[in-house]
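This report looks at a few local features of one protein chain. Please keep the sequence and the structure in view while reading.

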Amino acid sequence: MQTPGEFVSGQVRSVREKVDQLAGSVAETVAAEAQSVSAVRSQVGEYIREQRSAARVSLRELARTAGVSNPYLSQVERGLRKPSAEILAAIARGLKISAESLYEQAGILDRRAGNPDTLAAIRSDDQLSERHKAVLLELYETYVREHAAVRERTAPDTTGAPPGTPEDAVQDRTPGAGPAPAPSKESA
């Protein structure tokens, strides 16, 4: 027979084990998320540095036009700071690029469908206004999705059935089992 003190000690031990187990799981999840956030920070920082170099703009000049301090912008480029959406928009204005491209790099917006080089070419064309770039990107993404849908619909048939055969008439066919039953008028 267990005494009340032994019972309580057993329950406390059991709860501690469960808490330790959950704490370990939470710590692993937090560490994985921290790595993910760090990767996104360095990715957006590298992208900003590449765009700044391509535009031949100094760090100091970009910091001034974006309205942020030179050390802060340096930390963003090195992945030590995570800029807000407003800061990203200011940096984009300073670089004369689409804020959307920085938002995608930072993980704020989902990436657009299509070839990244084509997307970058549209965004970097200084002959286009931001509105024109947005319209072109939207049209391009629509065409890419439509093309993918057509390609999916016209993919080669791997069932071996004649074109136009309903799927339910094909599913139980085995080689040498004879012809598939003709579809009834009700299913047509």
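This is a predicted model: local features need pLDDT of at least 70, side-chain atom pairs count only at pLDDT 80 or more; totals for chains, interfaces and linings use all residues.

## A nonpolar surface patch

Four residues, Val135, Leu136, Leu139 and Tyr143, make up a nonpolar patch on the surface, and together they have about 370 Å² of accessible area.

Val135, one of the patch residues, belongs to helix α7, which covers residues 130-153. Is Val135 buried, partly exposed or exposed? Its relative accessibility is 41%, so Val135 counts as partly exposed. The reason is that partly exposed residues fall between the 20% limit for buried and the 50% limit for exposed.

## The largest pocket

The volume of the largest pocket is about 290 Å³.

In total, 15 residues line the largest pocket. Which of them lie nearest its centre? They are Ala55, Gly94, Leu95, Lys96 and Ile97.

As for how such spaces are found, rolling a probe the size of a water molecule over the atoms shows where empty space is left.

Arg52 sits in helix α1, which spans residues 4-54. Its relative accessibility is 13%, and therefore Arg52 counts as buried, because buried means under 20%.

Which residues does Arg52 touch, apart from neighbours within four places in sequence? Its contacts are Val57, Ser58, Leu59, Leu62, Glu77 and Leu95. One of these contacts, Leu95, is also among the residues nearest the centre of the largest pocket.

Most residues other than glycine have a negative phi. Two residues are described here against that background.

Arg56 is not a glycine, yet its phi is positive, near 55°. This residue is in the loop between α1 and α2. Arg56 has a relative accessible area of 76%, so it is exposed; the reason is that exposed means over 50%.

Lys96 is not a glycine either, and its phi is positive at about 60°. Where is Lys96 found? Its place is the loop between α4 and α5 (99-106). With 67% relative accessibility, Lys96 counts as exposed.

Notes: Residues are numbered from 1 along each chain as its sequence is written. Side-chain values use heavy atoms; hydrogens and water are left out. Patches are made of residues with over 30% relative accessible area and no salt bridge: like charges are joined within 9 Å, nonpolar side chains (Val, Leu, Ile, Met, Phe, Trp, Tyr) within 5 Å. Accessible areas come from the Shrake-Rupley method with a 1.4 Å probe; for residues, only the protein chains shown count as cover. A salt bridge is a side-chain nitrogen of Lys or Arg within 4 Å of a carboxyl oxygen of Asp or Glu. Helices (H or I, at least four residues) and strands (E, at least two) are DSSP runs, numbered from the N terminus. Buried means under 20% relative accessible area, exposed over 50%, partly exposed in between (1.4 Å probe, protein chains only). Contact means heavy atoms within 4.5 Å. On a 1 Å grid over the protein atoms alone, a cavity is a set of points where a 1.4 Å probe fits but cannot get out, and a pocket is an open set with protein on both sides within 12 Å along at least five of seven lines; lining residues have an atom within 4 Å of a point. Grid points are joined across faces, edges and corners, and a volume is the space filled by probe spheres set on the points.
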